[in-house]
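Please open the structure in a viewer and keep the selection tool at hand.

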Amino acid sequence: MVNTRRTVGTYYASCQEAPALLSDVYTIKPPASSVAPFRVYCEQSYRKGGWIVLSRRFDGSLNFTRDWIDYRDGFGTPEGEYWLGLEKMHRITGADYFQLLVHLKDHEGTVKTALYDEFEIGNESTGYRLYLGAFVEGNAKDSLRPSVGMKFSTPDRDNDEHPGSCADYYASGWWYRNCMNANLNGVYRQYDPRNATMNWFGFRDDLQGLKEATMMIREVSS
């Protein structure tokens with residue numbers, strides 16, 4: 001009998017269809033999306049699993065000081081640190097309804113999270129504008145709110161509302177406004193006098209650099 005949990009042979013419809021309780025790299029193709037099958041890290045052990053990991057950082061081995069093209073197309077590998085790419089994020093989230101989970105850990109080992117009931121990225125003509133639903137819960141608090149409605153900025157493409165370039169100053173791409181309360185693509189260091197770190201203000205009410213940061217989305221059942 002054909003396994004209906006899988007799509008065509010070599011890939012799954014989503015991380016929710018991949019083997020449960022086994023976080024790993026899988027090839028998926030969301031059925032509602034126009035994106036071709038792609039490899040992604042599926043987080044299956046947290047909150048019943050089924051999470052498509054958009055961005056994963058845990059050891060600083062990957063440089064996130066990148067230009068527009070890299071952030072659009074993605075970089076790194078799902079086996080390690082990576083950024084899935086804004087175009088894939090747009091195609092996936094624009095075709096279905098997704099929630100966002102941000103999972104963070106500091107250098108002392110404290111873990112905190114933030115859960116949002118809706119996450120969507122606009123297309124490139126909008127600057128990959130960020131659409132975010134309500135903050136549902138999480139002891140990391142809602143530090144992404146200032147980025148809502150903002151275009152993505154990179155050091156070579158300034159789309160923020162600041163007189164200068166936030167992306168250039170903080171050496172990373174993000175949905176900056178003027179400038180930010182969170183930057184999970186920041187430089188991987190614990191302390192920096194300019195706060196050019198991978199940070200989330202609500203974690204401890206400062207911009208100290210975190211040790212680990214993961215952004216992941218999951219389809220919301222109708």
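Begin by selecting arginine 57 and phenylalanine 64: the charged end of arginine 57 sits over the ring of phenylalanine 64, 4.0 Å from its centre. The model is a predicted one. Next, select arginine 194 together with tyrosine 169, where the charged end of the arginine sits over the tyrosine ring at 4.2 Å from the ring centre.

Ring pairs link Phe64, Tyr71, Phe75, Trp83, Phe152, Trp174 and Trp175 into a cluster. The structure holds 13 aromatic pairs. One of them joins tyrosine 71 and phenylalanine 75 edge-to-face, with 5.2 Å from centre to centre and 90° between the planes. Are these two residues, tyrosine 71 and phenylalanine 75, buried or exposed? Both tyrosine 71 and phenylalanine 75 are buried.

The next selections concern charged pairs. The structure holds 14 salt bridges. Select glutamate 124 and arginine 72, which form a salt bridge whose closest N and O atoms are 3.6 Å apart. Why does this pair tie together parts that are 52 residues apart in sequence? Glutamate 124 lies in the loop between strand 8 (119-121) and strand 9 (130-132), whereas arginine 72 belongs to helix 1 (residues 68-73), so the bridge connects those parts. Glutamate 124 is partly exposed at 30% relative accessible area, and arginine 72 is partly exposed at 22%.

Move on to helix 2 (residues 86-93) and select arginine 91 and glutamate 87. The closest N and O atoms of their salt bridge are 2.9 Å apart. Because the two residues are four apart in the helix, about one helical turn separates them. Arginine 91 is partly exposed, with 34% relative accessibility, and glutamate 87 is partly exposed, with 22%.

Finish with aspartate 205 and lysine 141, whose salt bridge has its closest N and O atoms 3.4 Å apart. This pair links distant parts of the chain, 64 residues apart. Aspartate 205 lies in the loop between strand 12 (199-200) and strand 13 (212-219), and lysine 141 in the loop between strand 10 (135-137) and helix 3 (166-170). Aspartate 205 is partly exposed at 45% relative accessible area, and lysine 141 is partly exposed at 40% relative accessibility.

Conventions
Residues are numbered from 1 along each chain as its sequence is written. This is a predicted model: local features need pLDDT of at least 70, side-chain atom pairs count only at pLDDT 80 or more; totals for chains, interfaces and linings use all residues. Side-chain values use heavy atoms; hydrogens and water are left out. Rings of Phe, Tyr and Trp (its six-membered ring) pair if their centres lie within 6.5 Å; planes under 30 degrees apart count as stacked, over 60 as edge-to-face and the rest as tilted. Buried means under 20% relative accessible area, exposed over 50%, partly exposed in between (1.4 Å probe, protein chains only). A charge sits over a ring if NZ of Lys or CZ of Arg is within 6 Å of the ring centre and within 35 degrees of the ring normal. A salt bridge is a side-chain nitrogen of Lys or Arg within 4 Å of a carboxyl oxygen of Asp or Glu.
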